[in-house]
Amino acid sequence: MRGIRILFFVAMASLVLSSLAAARPAVPQAAPGPQAKVEVKPEAAPPAAQKAKPAAKPAAKKGEEKRTEPVVPAYSDIRQRSAVIVFYFWLWFSIAVLVYFLLQWVKEADRVYKAKYYEPEESPRKGNPMAPALGE
Amino acid sequence: MKIDMKKFAAWFDERLALTPIFKYMTKKEVPQHGHSIWYYTGSSILLFLVIQIVTGIMLAFYYQPTLDGANASIARIMTELPLGWLIRSIHSWSATFMIAIVMIHMVASMLTKSYRKPREATWMTGMMLIVVSMVFGFTGYLLPWDDLSLSATKVGTNIPAAIPVVGKWVTQFLRGGDDVTGDTLTRFFIFHVCILPLVIFAILILHILLVQKEGMSVPLKDEVAKRRVPVLPFWPNFVLREVIIWLVLLGTVLTVSLVFAPSLGLSADLMAPAPEGVKPEWYFLFLFQTLKIFPANMGPVTGEFVAVVIILIGIMAVFFLPFIDNKPETKKGRVITYLSILGVIYAIVFSIWSLL
């Protein structure tokens, strides 16, 4: 149980840490727009309006463009960044809440097991006419 | 219309015969002792496997395993598709987590001697799963098709060539020719998404069935002393604890994927010289360093040949460990434990050395 409690505190600490991590971009702040992360030669770059259309061009055609810089992962815009922050906060908050309730469930399951509640011979339910039938 | 859930469940049960499985689960017990924590690593591997499958399918929708399309399609996934970079990062990091936990699972089983009779087959199927997981990582490493992955694959696929008689054929089979080309990429993609998943599922089912058949091992000293070890019901006590660990691991892998998302290098040039500092994935580093320390020639044979033979003997020794360590409670068993610890230290030290 001590190990499980430690995990619970790890989950709580991670909630705070990941929210802080999500609040900053994965790379130094780039200009908005997904294409900002891929540098292409000026002559190969399609017009901005065309680039804004998602999946407008097949990937093979994209391959013809000569990238000069590696693609660095980053949020495409402020909306995506906000969505990720909210998602991570929600994720760790949910994990913390779920872990708390699971811990209570574990405690109860262990208590029931130690009391030999489901063992017909030693169950405290034996002889109790109000208790439901064993083996249900 | 009111649906009678009991009738609905009974209909399924009649056809799928689920009751015996549920009954087995409620009666299954897990030993509780000082090393029980290692029992949780098995199910954690399954969690990461599921994440791999889900994110892998999502990436496969857009990935193109062609010379022109591979790097460009990943660039597109990372830049144009909503949160594509994050999905790729989760796929990459969950692979790392999975292999790390697979290795912890193996080392824990090795040091607690869980492979002893009657669990020899469980150990051997587990070893097969480790090899398949590493091949998954190796084939996946080429798919971004950047300079680093191309060079690492050239080095990696050249290693079997040192094996006498069949070595050259194995290298040619892996590459789909004499050199790493677009054919290699297609071949690796098919291995990564078709063949290896089938293989891993077949072995995994066998491994899980064997674990269920033989049950979980108890510490050797308790078995020798014929002491009864306290147990915990699998359902719900053990499963609930597992779920807590899964949740924390899930949060951790998602957080790491967000903070340390991998970038994508420039598209590989087949004619370009290998870039400096080519290194394989971290789980191959100790093998890579082992190959590096041998000189080019050692008498009538090459150093690479000697290294490959030593590595193969090592792998075989680990694979057949249950038969080598057939009396684990004796002095021989203790010597094998020390050798196992030495092997783990060797792998860690050589991996660090390779990074320096």
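Start by selecting Asp4(B), which caps the N-terminal end of helix α1(B) in this predicted model. Show its side chain and look for the oxygen that sits 3.1 Å from the backbone nitrogen of Lys6(B).

Now extend the selection to residues 5–16 of chain B, which form helix α1. There are 12 residues here, and the distance from the first C-alpha to the last is 16 Å, close to the 16 Å expected at 1.5 Å a residue. Step past the end of the helix and you land on Ala17(B), the residue that follows α1(B).

Next, jump to a helix pair. Select residues 167–175 of chain B for helix α8, and residues 182–214 of chain B for helix α9. The two axes come within 7 Å and cross at roughly 85°, so α8(B) is roughly perpendicular to α9(B). To see who makes the contact, show side chains on both helices. From α8(B) come Gln172(B), Phe173(B), Leu174(B) and Arg175(B); from α9(B) come Asp183(B), Thr184(B), Arg187(B), Phe188(B) and Phe191(B).

Move on to helix α11 of chain B, residues 234–259. Its 26 residues should span 38 Å at 1.5 Å a residue, and the end C-alpha atoms are 36 Å apart, which agrees. Is α11(B) mostly covered or mostly uncovered? It is mostly covered, with 21 of its 26 residues buried.

Within that helix, pick Ser257(B). Its relative accessible area is 0%, so Ser257(B) is buried. Show its surroundings, leaving out residues up to four places away in sequence, and you will find that Ser257(B) touches Leu86(B), Ser89(B), Ile90(B) and Trp93(B).

For the last stop, follow the chain into the loop between α11 and α12 (285–293) of chain B and select Ala268(B). Buried or exposed? At 12% relative accessibility, under the 20% cut-off, Ala268(B) counts as buried. Again setting aside residues up to four places away in sequence, the residues that Ala268(B) touches are Trp145(B), Asp146(B), Asp147(B) and Leu150(B). Finally, draw a distance from the C-alpha of Ala268(B) to that of Glu214(B): the two residues are 54 apart along the chain, and these atoms are separated by 49 Å.

Notes
Residues are numbered from 1 along each chain as its sequence is written. Chains are lettered from A and ligands numbered from 1 in the order in which they are written. This is a predicted model: local features need pLDDT of at least 70, side-chain atom pairs count only at pLDDT 80 or more; totals for chains, interfaces and linings use all residues. Side-chain values use heavy atoms; hydrogens and water are left out. Axes are lines fitted to C-alpha atoms, for helices over the stretch in contact, and angles run from 0 to 180 degrees between N-to-C directions. Helices (H or I, at least four residues) and strands (E, at least two) are DSSP runs, numbered from the N terminus. Angles under 35 degrees count as roughly parallel, over 145 as roughly antiparallel, 65 to 115 as roughly perpendicular and the rest as oblique. Contact means heavy atoms within 4.5 Å. The expected span of a helix is 1.5 Å times one less than its number of residues. A polar contact is a pair of N or O atoms within 3.5 Å; within protein, one must be able to donate a hydrogen and the other to accept it, and residues adjacent in sequence count only if both atoms are side-chain atoms. Buried means under 20% relative accessible area, exposed over 50%, partly exposed in between (1.4 Å probe, protein chains only).
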